[in-house]
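Here are some friendly notes to read with the model open beside you. Take the points one by one and find each place as you go.

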Amino acid sequence: MKRRPYPGTDYRRALNIADLERIAQRRLPNFVFEYLQGGADDERTLHRNRTVFRDYLFHPRTLTRVDARHLSTTILGQRHAMPLVIGPTGYNGMLTRDGDLKLAAAASRQDIPFVLSNVATTSLEEIATVEGLRAWMQIYFYRDRDYVRKLVERCHAAGYETIVITTDSAIYGNREWDLRNFRRPMQPDWRNLLHLCSRPRWIADVLIPDGPPTFKNLDDLLPPGQQSVQGASAIIGQQLDPTLNWDDIAWLRDIWQGKLIIKGLLSPEEAAQAAASGIDGIVLSNHGGRQLDHALSPLDILADTRKRVGQRCQLFVDSGFRRGTDIVKALALGADAVWLGRATLYGLAAGGQPGVEHALDILRREIDRTLGLLGETRLADLDASHLVKCHAPNGETGESD
Ligand SMILES: Cc1cc2nc3c(=O)[nH]c(=O)nc-3n(C[C@H](O)[C@H](O)[C@H](O)COP(=O)(O)O)c2cc1C
């Protein structure tokens with residue numbers, strides 16, 4: 001039976017992440033929603049990120065007493081309420097004012113870590129003041145290594161414990177929605193400006209009184225006079241460093257004594273190399289389908305990667321997670337936790353901080369229910385024996401989700 005979508009805009013009535021996605025679409029201007037939603041090239045990877053979960057079916061047990069279930073888990077040495085991390089996403093201030101702070105506050109309330117993007121619209125120092133938050137900082141490698149060094153020093157001074165280095169973006173992905181929607185970087189074309197008139201609430205929230213949000217952690221990178229979003233967007237593209245290689249990771253390992261995570265690997269061999277070089281965590285990711293189109297899904301290589309990495313470092317995964325069943329499948333295949341991208345951004349756009357908390361509540365309930373229905377009470381007891389791999393017949397994977 002086809003699901004009836006929720007027709008309203010009240011995030012509290014959203015039953016699942018797909019409902020929050022629709023509410024986000026109704027509340028955001030088209031060009032902002034498409035920035036959030038879009039993928040690279042023909043969006044094959046974006047699409048497969050959702051359909052890949054159909055390749056794995058559950059193999060449940062019954063009669064096992066599942067009344068006392070626990071979702072708490074250890075992430076980089078600390079206990080957290082559930083196996084989720086809010087991953088880094090740039091320009092969150094375009095979804096709602098102070099988007100990063102709202103995500104961070106929701107993460108703190110739900111007792112999970114939050115990763116601030118390098119291209120955030122809130123300074124890393126401000127995020128560090130959010131009470132009870134375990135904040136991590138994501139960085140891109142720019143040609144200007146002095147900037148990277150200064151950013152690492154800022155993280156140290158602000159008390160950050162973990163840096164996440166994203167390695168899948170040495171070259172910027174081809175996102176055609178963004179190219180079509182803007183005349184110049186961050187200058188929407190007339191069709192989008194017209195559509196903006198139907199979003200007065202968003203204008204009042206995001207644009208008034210200070211105009212579009214700006215990048216708050218790039219001051220040391222941008223030349224004087226190029227601090228505007230338009231100027232910054234062009235420079236970020238030019239600054240991404242295609243020479244990025246293992247020597248840079250070794251350099252970072254040298255200047256950063258805290259925990260280090262590599263995000264964006266899709267090769268079990270590279271993951272094994274990372275584990276051998278003293279990395280604390282790896283995120284298998286295709287960047288939510290926004291970088292290399294036709295890239296495989298992290299789920300395709302998760303079990304093999306776990307085998308090669310062993311317990312030398314933690315293994316995380318992201319890209320396409322929208323349901324508790326998706327998350328439990330990844331845990332059964334060997335992930336320690338799942339990082340969220342769009343799932344919590346939909347909550348943010350739909351309802352601000354309470355919207356993010358609602359998204360996390362939905363996922364927590366879904367993970368808990370799935371665990372119980374599988375016949376288990378602890379996440380640590382999940383393994384590949386709970387799954388059967390099956391390939392969907394031709395045609396089914398082409399179905400939209
Ligand atoms: C709007 C948006 C902005 C993103 N910005 C960043 C970023 O600044 N740094 C980064 O490492 N990844 C970024 N990502 C990728 C996410 O961290 C994550 O890998 C991806 O969203 C996971 O896929 P999902 O959205 O399907 O969950 C971004 C993703 C989205 C959707």
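1. Start with helix 14 (residues 324-332) and helix 15 (residues 342-373), which pack at an angle of about 60° with their axes 8 Å apart. Helix 14 and helix 15 are therefore oblique to each other; angles under 35 degrees count as roughly parallel, over 145 as roughly antiparallel, 65 to 115 as roughly perpendicular and the rest as oblique. Axes here are lines fitted to C-alpha atoms, for helices over the stretch in contact, and angles run from 0 to 180 degrees between N-to-C directions. Helices (H or I, at least four residues) and strands (E, at least two) are DSSP runs, numbered from the N terminus.

2. Which residues make this contact of helix 14 and helix 15? Helix 14 brings Gly-324, Thr-325, Ile-327 and Val-328, and helix 15 brings Leu-363, Glu-366, Ile-367 and Thr-370 (contact means heavy atoms within 4.5 Å).

3. A word on where this comes from: this is a predicted model, in which local features need pLDDT of at least 70, side-chain atom pairs count only at pLDDT 80 or more, and totals for chains, interfaces and linings use all residues. Residues are numbered from 1 along each chain as its sequence is written, and side-chain values use heavy atoms, with hydrogens and water left out.

4. Now compare another pair: the axes of helix 12 (residues 268-276) and helix 13 (residues 298-309) come within 9 Å and cross at roughly 30°. Helix 12 and helix 13 are therefore roughly parallel to each other. Among the residues in contact are Ala-271, Ala-272 and Ala-275 of helix 12 and Ile-301 and Val-309 of helix 13.

5. Next, look at the ligand. Of the 21 residues around the ligand, Pro-88, Ser-117, Tyr-140, Thr-166 and Asp-318 come nearest (a residue counts if one of its heavy atoms lies within 4 Å). There are polar contacts too (pairs of N or O atoms within 3.5 Å): an N or O atom in the side chain of Gln-138 is 3.0 Å from a nitrogen atom of the ligand. A polar side-chain atom of Ser-285 lies 3.4 Å from a ligand oxygen atom, and one of His-287 lies 3.4 Å from a ligand nitrogen atom.

6. Finally, check two backbone spots. Most residues other than glycine have a negative phi, and most peptide bonds are trans. Leu-76, in the loop between strand 2 (73-75) and strand 3 (78-80), has a positive phi of about 40° although it is not a glycine. The peptide bond from Ile-208 to Pro-209 is cis, with omega near 10°, and Pro-209 is found in the loop between helix 9 (200-207) and helix 10 (229-239).

Technical notes
Polar contact = N/O pair within 3.5 Å; in protein donor to acceptor, adjacent residues only side chain to side chain.
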